[in-house]
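This briefing is for a reader who meets the structure for the first time. Please look through the sequence and the model below, then read the notes by topic.

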Amino acid sequence: MPTGRTDGPASLYGGASSALGVLACLIAPFAGYIGAGIPVVFAALAITLALIGFAAGSPRRSCTVGLFAGLLGFLLPVVVTVA
């Protein structure tokens, strides 16, 4: 049994939400070519994981980056599709 602090699943929500949010932002400009649903799904997952991470006590900076990148990755394809 390891002693000390180990990374459990609850501490990884922030990093996962950051990665998905940034990925959604990177894919969003190409939403017309690959389908608008893919970045929206990544962004929704990023927002969900960020909110779970806030509740679980994950690092706040990672969760904040994931939340705002997810919001941007969600709104960008929606605005481009509607406009």
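Helix H3 has Pro39, Ala43, Ala46, Ile47, Leu49, Ala50 and Gly53 as its buried residues, where buried means under 20% relative accessible area, exposed means over 50% and partly exposed lies in between (1.4 Å probe, protein chains only). The model is predicted: local features need pLDDT of at least 70, side-chain atom pairs count only at pLDDT 80 or more, and totals for chains, interfaces and linings use all residues. Residues are numbered from 1 along each chain as its sequence is written, and side-chain values use heavy atoms, with hydrogens and water left out.

**Overall make-up**

- The protein has four helices and zero strands; helices (H or I, at least four residues) and strands (E, at least two) are DSSP runs, numbered from the N terminus.
- Read from the N terminus, the order of elements is α-α-α-α.
- Of the 83 residues in the protein, 29% are buried.
- Among contacts in the protein with a separation of 6 or more, 69% join residues 24 or more positions apart; a contact means heavy atoms within 4.5 Å.

**Helix H3 and what follows**

- H3 covers residues 37-56, and its 20 residues should span 28 Å at 1.5 Å a residue, which agrees with the 28 Å between its end C-alpha atoms; the expected span of a helix is 1.5 Å times one less than its number of residues.

**Helix H1**

- H1 has 15 residues and reaches 21 Å from its first C-alpha to its last, close to the 21 Å expected at 1.5 Å a residue.
- The buried residues of this helix are Gly14, Ser17, Ser18, Leu20, Gly21, Ala24 and Ile27.
- An α-helix has 3.6 residues a turn, so residues three or four places apart point the same way.

- Serine 17 is part of helix H1 (residues 13-27) and counts as buried because its relative accessibility is 0%.
- A polar atom of the serine 17 side chain lies 3.0 Å from the backbone oxygen of glycine 14.
- Not counting residues up to four places away in sequence, serine 17 touches Ala46, Leu49, Ala50, Ser62, Cys63 and Gly66.
- Serine 18 also has its place in helix H1, and its relative accessible area of 15% makes it buried.
- With residues up to four places away in sequence set aside, serine 18 touches Ser62, Val65 and Gly66.

**Alanine 24**

- Alanine 24 is found in helix H1 and counts as buried at 0% relative accessibility.
- Its C-alpha atom is 7.6 Å from that of alanine 69, a residue 45 residues apart from alanine 24 along the chain.
- Apart from neighbours within four places in sequence, alanine 24 is in contact with Pro39, Phe42, Ala43 and Gly73.

**Helix H4**

- H4 covers residues 60-82; its 23 residues should span 33 Å at 1.5 Å a residue, and the end C-alpha atoms agree, being 33 Å apart.
- In H4 the buried residues are Cys63, Gly66, Leu67, Ala69, Gly70, Gly73 and Pro77.
- Valine 65 is placed in helix H4 and is partly exposed, with a relative accessible area of 41%.
- Valine 65 and glycine 15 are 50 residues apart in sequence and 9.1 Å apart in space, C-alpha to C-alpha.

**Glycine 73**

- Glycine 73 lies in helix H4 and is buried, because its relative accessible area is 0%.
- The C-alpha atoms of glycine 73 and alanine 28 are separated by 6.1 Å, and the two are 45 residues apart along the chain.
- Leaving aside neighbours within four places in sequence, glycine 73 is in contact with Ala24, Cys25, Ala28, Pro39 and Ala43.

**Nonpolar surface patch**

- Phe74, Leu75, Val78, Val79 and Val82 form a nonpolar patch on the surface, with about 440 Å² of accessible area together.
- Patches are made of residues with over 30% relative accessible area and no salt bridge, like charges being joined within 9 Å and nonpolar side chains (Val, Leu, Ile, Met, Phe, Trp, Tyr) within 5 Å; a salt bridge is a side-chain nitrogen of Lys or Arg within 4 Å of a carboxyl oxygen of Asp or Glu.
- Phenylalanine 74 lies in helix H4 and counts as partly exposed at 31% relative accessibility.

Key
A polar contact is a pair of N or O atoms within 3.5 Å; within protein, one must be able to donate a hydrogen and the other to accept it, and residues adjacent in sequence count only if both atoms are side-chain atoms. Accessible areas come from the Shrake-Rupley method with a 1.4 Å probe; for residues, only the protein chains shown count as cover.
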